[in-house]
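Hi,

Here is the structure I promised to pass on.

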Amino acid sequence: MELSGTLLAIVLFAPLVAFLIQILLVGRWVRGPRVAGAVVSLLGVGVPFFLVLVGVVPHLFEPTAVLWVPQAPLRWIDLGPLSFQVGLMVDNTTKVLLFMVTLVCLMIHLFSVEYMKVRDGEPEPYYSRFFAYLSLFTFAMILLTLSDNLLTLFIGWELMGLCSYLLIGFYYERKSAQDAAIKAFLTTRVGDVLLLIGLAIVWASVGSLRLPEVAQGVQAGAIKGWLLTLAGLFLFAGAVGKSAQFPLHTWLPDAMEGPTPVSALIHAATMVAAGVYLAARMLQVGLFDERTLLVVAYVGGFTALFAASIALVQTDIKRVLAYSTVSQLGYMMLAVGVGNYTAALFHLLTHAFFKACLFLGSGSVIHALHEAFHRHHLHADAQDMRNMGGLRRRMPLTFGTFLIATLAISGIPLTAGFLSKDAILAGSLAYVLEHPQHLMLAVFGFIAAAMTAFYMFRLVFWTFAGTPGGRALGPEADAVRGALAEVRESSWVMTVPLAVLAFFALWIFWSLHPASEGWIAEVLSGAEGWLPEAAHRAEAHGHGPASVHLWTMVLSVGLALLGVLVAALFYLYRRWSTERFAQGQFARVLEAKYGLDALYDWAFVRNAHRLSQWSGRFDLRVIDGAVNGLAYLVVGARHSFTWVTGAIDRYVVDGAVNGVAWLLRQLGAGFRQLQTGYIQGYLLVVFSGLVALAFLISAAFR
Amino acid sequence: MVADDGLAWFFKLVILGTALLTCLVSIRSPEVFDAFRGEFFVLVVFAALGMVLMAGAANLLMLYLAMETASLSSYVLAGFLSGQSRSAEASFKYVIYGAVASGVMLFGLSLLFGIGGTLDLAELPAALAGASPLAVVLALLFVLAGLGYKLASVPFHMWSPDVYEGAPLPVTAFLSVASKAGAFALTLRFFDEAFGDRAIALATQWPLLLALISLLTMTIGNLAAIGQRNMKRLLAYSSIAHGGYLLMGVVALANPAVRAEAMAAVGFYFVAYLFMNLGAFYVVQHLAEPERLNSEMIADYAGLLRRSPFLAVALSIFLFSLIGIPPFAGFWAKLYLFEAFVRAGLEAEGIAGGRHLWLVVAALLNTAISLYYYLYVVKTMCFDSAVEDRPVRAHPAFVGLMLVLLIPTFVLGLLWSREELGVPVVQVEASASLSSSVSPTLGTPFRR
């Protein structure tokens, strides 16, 4: 099928239409089977997927063909000399991303149909609302991928943030879910505000936010030197917030309070990867200069190692996966930082599939356990890996797909993860060979690779191997073991998505040769048609000599196997005991997540609470309803004045004085008194006004 | 006598659109319906005729006659509810006030004619060139009394709250938009053609005078709106305040470099204003009908969000737009207007009135003040508890009408682009160059 504007419009707007139907119609008037909501959303993402499959994928190997919709960008918000021009763009990066986004979204929608049916043993009361949010999210993500400009990209970015907030807090009756939603929203907001400043710098200096024009502007030197670095750092800060990089990573593990499909879609496969996508695009158009790139590389590399180390000691299955997501996103940032655009996007794609598979697999396990525990009236935590074990035989399909995805994330050959991670590590090794002073970048990557294999296999061994409930603690331990023996494999609605996603975690789709980057490198590293010639410096980096590749392979596979072996010795064969380690200081530091969460809580949350309580009291006393910034200031001034005179403090406390609001009301009352209703009075005002103005004028002309 | 250019056509569309909506709404208005007489529509049409002529008047005499045509029909419309003393009183006040204002204006016009010896606006700059600036500016002041009465600008505004409150609601809405649109078209043309000349602006300092009136109008309008308990009166004062903002666009004419932009900004403001102000008035009218709230008092709107989510949300959106909160049309209208004014100031060199950036600051502060009373209404509707729980149902036809007004309020600012839709700019420029060669049907060609 021809790749056309109409097709893109349908791909973009179908999920939005689904969202509108859901939120306006389904929840309100359709009383019958609530599955109607799911069907609308499935269509809302299924149609785009089908269109992408027949309309976009066949055009993958036309590297110079860039589609602009509309041909000339729309002038949207027009401020005279400056205006925002918006449009859609399909280049190679967009094509592969579109395929990934629509497919993963479709699979996760399908999985949710079954997974979301029950809440606490009752039919889910907000079933269609859940799907409405998912549809809105899909729209936002597609908008972000298709945008040819940073303005609509930012709109999609923020919409995703909103959906993330709504979905993390979906189980809103849980305090922890509310807190996590707020934490996620506020933490990413820090990055978003900085991002907005970065966009403003770019807009002010280049005069446009369209990617091609930005690329040309940067090349023409419209923005350079430290201003370029500053803009780059601000833009990167947005990516740090969204992609949960150190030091703004703390929200992502907490975001696991949301339903598991949400964790899979938003907090693993797509939204958090948007930060990497942004960083990669910035690399492409040249907004990241050498200094910024170094920062990006170090933040990414450090995050990869840092998050992996925390994942070593987590016991909640979803939290392990969350930290591993943070760590993998760090890998992608590392690749961007060393200028390896292709590898960053490649890993983004493969990661989306195998991480979605891992999350959905854990969802399948949690779902089954929840059901079993509920049947036995147990209150055991269905997400705690200590309450699992031996599920291999009970849930063979889930186990099989989960294992494939685990092998992929650990970087074992014959998987997609091996290909993409290898590309990243090879890129960083090549970079280090060129710049020996940045040796740490490669060290971060390789150590984190070993850790990844270790904690992922720890998770697999705890969950699927051993005896059912072998590690269960507490008074319910025996009952848990009993319940686990009755766990059943999930229905096909949940296992089909698992199988599909697991397929894409294998090497075969990405490359026939199990050790080369395959077609994806060809598609992504081909020059994007819209970039100015010299902007291809992004492609110059990252492809070291073949020997680097070979050494990387040996090293990374060796380290990964070492990680698997150690995990097996600890948890499968139990040759070694973790007791001494678990009681040591280091484990405590890890369990406290290096104390960062506590530090933020102390530094920001509690002080913000104090401030808001204080201002809340202030509000109560001062303003009866309208929040009036002006009144705030004047009352403050007045307050200090009365403090000096020490006279009428009580009036302020009693709320009798409303600051400017009061003053304005008095003035208003004064003017109203002129409005007597007597026409002769009005005419008096007319003539006295005229005379006053006439005198004023005469005086001015004298 | 009558100009046929972009400015005129643009405002004619606004006026005729408002008249059309007024007729549509009046069909179902019980106020008009109960006392149904065919002359209501005739009067609306005649008033619209006067306003349309105002939009095109390029001659002092035409200007006066057009204003009188519009006024006379408006007087009768304001007193249309003959059985009600409130309406009769409004009409009576309107007549007396209008008579005085137009008398003063006529005096000013005759002074201008006496000084310059011509009635043609386009010939005035040359005719006034040698005259004493003081005499000219005093004459101008008297003319301003008449214009100010039509614009409802301080200190000639006092009729409007009483008339707006007393007149039937469709008429109030009509007057607040169409009459004001005609008056602004007239004022724009008057100052642009007769006083737009740099020398005259420098000599008479009229921009300063207008800036002062603008400041007083927006401030007093907003302050008096605070504490109003009747929704119609609140909207009347809000309409006065908006007139104050709009006068900034006239002040910006002092800088010839941005005159087209200033006119476009005022034009766009009126388009936005048409939708949001008519919308607000119509919701108030709908709520005032006996089978709904049967009240225009803000206090009775308490808990409206529960009783009628649609009407409450619609009114809130119109009010948000009137405040100037993005993304609603009112925000863009204000943005363009202030931007034109700021640019007039930045690009003016020595032009009086061009540097009055303080007026923008005042306008922004005024916007903050206006937040108070608009949001008070929203707060009453959304957060106060209702006295009774009986649901309030909007008439289906009314819902349709609301959508017609709501959708532009949402998307107008987002879709408007000066290059593509900027009717006033394009056509004002075009007519300025065309009119000297192609003589328009009725008008005397003008030079600038």
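At what angle do helix α3 and helix α4 of chain A cross, and within what distance do their axes come? This is a predicted model, and in it the axes of α3 (residues 92–115) and α4 (residues 127–146) of chain A cross at roughly 175° and come within 10 Å. With the cut-off for roughly antiparallel at over 145 degrees, α3(A) and α4(A) therefore run roughly antiparallel to each other. On the α3(A) side, the contact residues include Leu97(A), Leu98(A), Val101(A) and Cys105(A), and among their partners in α4(A) are Leu134(A), Met141(A) and Ile142(A). By class, that contact has 8 nonpolar and 5 polar residues, with no charged ones.

Next along is the loop between α4 and α5 of chain A, where Asn149(A) sits. Asn149(A) counts as buried because it has 23 C-beta neighbours inside 10 Å.

Then come α5 (residues 150–168) and α6 (residues 175–206) of chain A, which pack at about 170° with their axes 8 Å apart. So α5(A) and α6(A) are roughly antiparallel as well. Among the residues that meet are Phe154(A), Gly161(A) and Tyr165(A) from α5(A), with Ala181(A), Phe185(A) and Asp192(A) from α6(A). This contact splits into 10 nonpolar, 3 polar and 2 charged residues.

Now the cores. The largest nonpolar one has 220 residues, and those with the most contacts inside it include Val104(A), Val336(A), Cys357(A) and Ala505(A). Helix α14 (residues 341–375) of chain A gives the most to this core, with 20 residues. Apart from it there is another core of 185 residues, including Ala55(B), Ala66(B), Ala252(B) and Tyr301(B). As for Val336(A), its contacts beyond four places in sequence include Val276(A), Ala279(A), Leu283(A), Val296(A) and Tyr341(A).

Finally, confidence. Chain A has a mean pLDDT of 82, and 86% of its residues reach 70 or more. The pLDDT is below 50 over residues 537–542 of chain A, a stretch with 17 contacts in the model beyond near neighbours in sequence. Residues 622–627 of chain A are also below 50, and that stretch has 16 such contacts.

Cheers

Definitions and conventions
Residues are numbered from 1 along each chain as its sequence is written. Chains are lettered from A and ligands numbered from 1 in the order in which they are written. This is a predicted model: local features need pLDDT of at least 70, side-chain atom pairs count only at pLDDT 80 or more; totals for chains, interfaces and linings use all residues. Axes are lines fitted to C-alpha atoms, for helices over the stretch in contact, and angles run from 0 to 180 degrees between N-to-C directions. Helices (H or I, at least four residues) and strands (E, at least two) are DSSP runs, numbered from the N terminus. Angles under 35 degrees count as roughly parallel, over 145 as roughly antiparallel, 65 to 115 as roughly perpendicular and the rest as oblique. Two residues are in contact if their C-beta atoms, placed from the backbone, lie within 7 Å. Ala, Val, Leu, Ile, Met, Phe, Trp, Tyr, Cys and Pro count as nonpolar, Asp, Glu, Lys and Arg as charged, and the others, Gly among them, as polar. A nonpolar core is a set of buried Ala, Val, Leu, Ile, Met, Phe, Trp, Tyr and Cys residues joined through C-beta atoms within 7 Å. A residue is buried if 20 or more other C-beta atoms lie within 10 Å of its own, exposed if 12 or fewer, and partly exposed in between; C-beta atoms are placed from the backbone. pLDDT is the predictor's confidence in each residue, from 0 to 100.
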